[in-house]
There are 2 protein chains.
Amino acid sequence: MYFSKSDIENAERVYRLNMMNSVSGIKPGNLIGTKSAEGVSNLAIFSSIVHLGSNPGYLGFIIRPDAEVRRHTYENIKANGCFTVNHIHRNFIEKAHWTSAKFEADVSEFDVCGLTEEYHADFVAPFVKESTLKMGFKHVESVPIQSTNTIMVIGEIRHLIVPDDAIDKRGYIDLSSFNDVGISGLNCYYELKKITEFPYARPHKVPDFKV
Amino acid sequence: MYFSKSDIENAERVYRLNMMNSVSGIKPGNLIGTKSAEGVSNLAIFSSIVHLGSNPGYLGFIIRPDAEVRRHTYENIKANGCFTVNHIHRNFIEKAHWTSAKFEADVSEFDVCGLTEEYHADFVAPFVKESTLKMGFKHVESVPIQSTNTIMVIGEIRHLIVPDDAIDKRGYIDLSSFNDVGISGLNCYYELKKITEFPYARPHKVPDFKV
C-alpha cells in the first residue's frame, strides 16, 4: 500500500494520527515521574525516549508544548530540575496507559492510576515502585525543534536501579527477563522476546552475504 | 542492583556502553538509506528514530558527528537532502546488523551485506527491497544537542509503503504481523508480539484502580 505526502495530508485526522505514530517502529514504554513546585507528584507515559550518550548516561524525550499532560511534566522539570524514567512492565500496562489522560494539575496520576510513589535518597522526583528498571535524571538541556514545534528535553543520569538477574557480566540487559513492553502508535502494547545477538561489527569479519 | 552516577562513570568502558545503551528500553530497528554526491549508495542501522509529528509526518534520528559510519549517512543527506527509513524484519536481521561496520566511503553496504536497492519515482535515496515498511524523507532541519555533542536530523515524509494487510481501518499498523524487530543495547534483537490495546485515555473513563 502506497501513500504519497498528499495522501497522508488528505487522510482522515485520526487515521493519519494512528498511522504516523506507528511508522517509526516499536517504541520504548516508560513513565516519567516529576514533582510540581506545589509538591504534587505527576506521572506520564512517554514513548519518545531516546539514548543520547553513555558516559555517564544521557537520555532525551520529546515534549509538545501545546499538549496539556506533557506540559505538567515539563513545568515540573523546570521547577526543580529533575525527573525519573520508569520502564513499563507487562503487569501494569493498563495503569500506565491511563496516565495519559488529561488530569487537573492538583491530581496525582499515582493515586488515580493505582501506582506507588517511591523515593531514593534526597532525589525530589518520584520513582514508580512497581517498575523494576528505573532511573533518576538531572535536567541539563532543552532543545527546541522548530519544524515540528516540539522540544527535546535532555537529562543526565544520577540514579539507576536494574533487576539483579537482568544484567549480565558484559553489561547487557535482557528486557524480556523482566517483562518489559514496547508501544506502537498511541495505544498498542507489545511483548518483547530476545531472539539473537551479534558481535560488534568489524568490516573484515562480515560474513559472505554475496552468494 | 543500584548504580550511582559515579558507579556508572567508574564502570569498565564496554560494560558501561552496553548498559547505558540498554536502559532506555526497546528501540526501533531501522536501516537508513542514502546516496553520496559521487553516486555511492549507503545503508546504516539506526535505533534512535523517534516520531516528531503526524501532519504530514516527521521523524528524527540521532547522529554522532564523531562516528565514522553515521558520518557517511549525514554527509549524503547534506549532499542531496533526502533519506529513506526501512524497517528491519526478522528474516534479514543479520544482514542489517553488519551495516554497522565501518566500511570505506566507496563501498555500498547494500553490496557487502547482501541487501537490494530499490527506487521510487525520482527519489534519489535508495530503499531496501527486503523491507516491507519503508519511507522516503526530505531533510528539513538539523538540531545540534550541545550536552551530548550529537545532532538530531529531522525529515518530513514524502513516500510511505506499508504492507497491505498490516494496516487496519483505524490506521493502526500491527508490527508483529510483518515480523518487525526491536533492538536493545548495541547488538541484541527482539521479536515483537502485540498483546493488548486500550482506548484513548479520557479522565472520566479511568477504571477504578484505587481498590
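Over all chains the count comes to 10 aromatic pairs, where rings of Phe, Tyr and Trp (its six-membered ring) pair if their centres lie within 6.5 Å. Planes under 30 degrees apart count as stacked, over 60 as edge-to-face and the rest as tilted. The pair B:F123 and B:F127 is tilted, because the ring centres lie 5.8 Å apart and the planes stand at 50°. Both B:F123 and B:F127 are buried (under 20% relative accessible area; exposed is over 50%, partly exposed in between; 1.4 Å probe, protein chains only). In chain A, ring pairs link A:F46, A:F61, A:F83 and A:F137 into a cluster.

This is a predicted model, in which local features need pLDDT of at least 70, side-chain atom pairs count only at pLDDT 80 or more, and totals for chains, interfaces and linings use all residues. Residues are numbered from 1 along each chain as its sequence is written, chains are lettered from A and ligands numbered from 1 in the order in which they are written, and side-chain values use heavy atoms, with hydrogens and water left out.

The same surface serves both copies: 100% of the contact residues of chain A recur in chain B. Contact means heavy atoms within 4.5 Å.

**Chain A overall.** Chain A has five helices and 13 strands. These are DSSP runs, numbered from the N terminus: helices are H or I with at least four residues, strands are E with at least two. A compact globule of 211 residues would have a radius of gyration near 17 Å; chain A has 19 Å, which agrees. That radius is taken over C-alpha atoms, and the globule rule is 2.2 Å times the number of residues to the power 0.38. Of the 211 residues, 61% count as buried.

Which strands form the open sheet of six, and in what order? The order is β2(A)-β12(A)-β13(A)-β13(B)-β12(B)-β2(B), with antiparallel pairing. β2 (27-28) of chain A and β2 (27-28) of chain B stand at the edges, each with a single partner strand, so one side of each is left without a neighbour in the sheet.

Two strands pair if DSSP finds at least two bridges between them.

| Strands | Bridges | Opposite residues |
|---|---|---|
| β2(A) and β12(A) | two bridges | A:K27 and A:I183 |
| β3(A) and β4(A) | six bridges | A:G33 and A:L43 |

The hairpin of β5(A) and β6(A) has four residues between the strands; A:G57 takes a positive phi near 150°.

Strand β4 (residues 41-46) of chain A has six of six residues buried, so it is largely enclosed by the rest of the structure. A:S41, A:L43 and A:I45 point one way from β4(A), and A:N42, A:A44 and A:F46 the other way. In a regular strand the side chains alternate between the two faces of the sheet.
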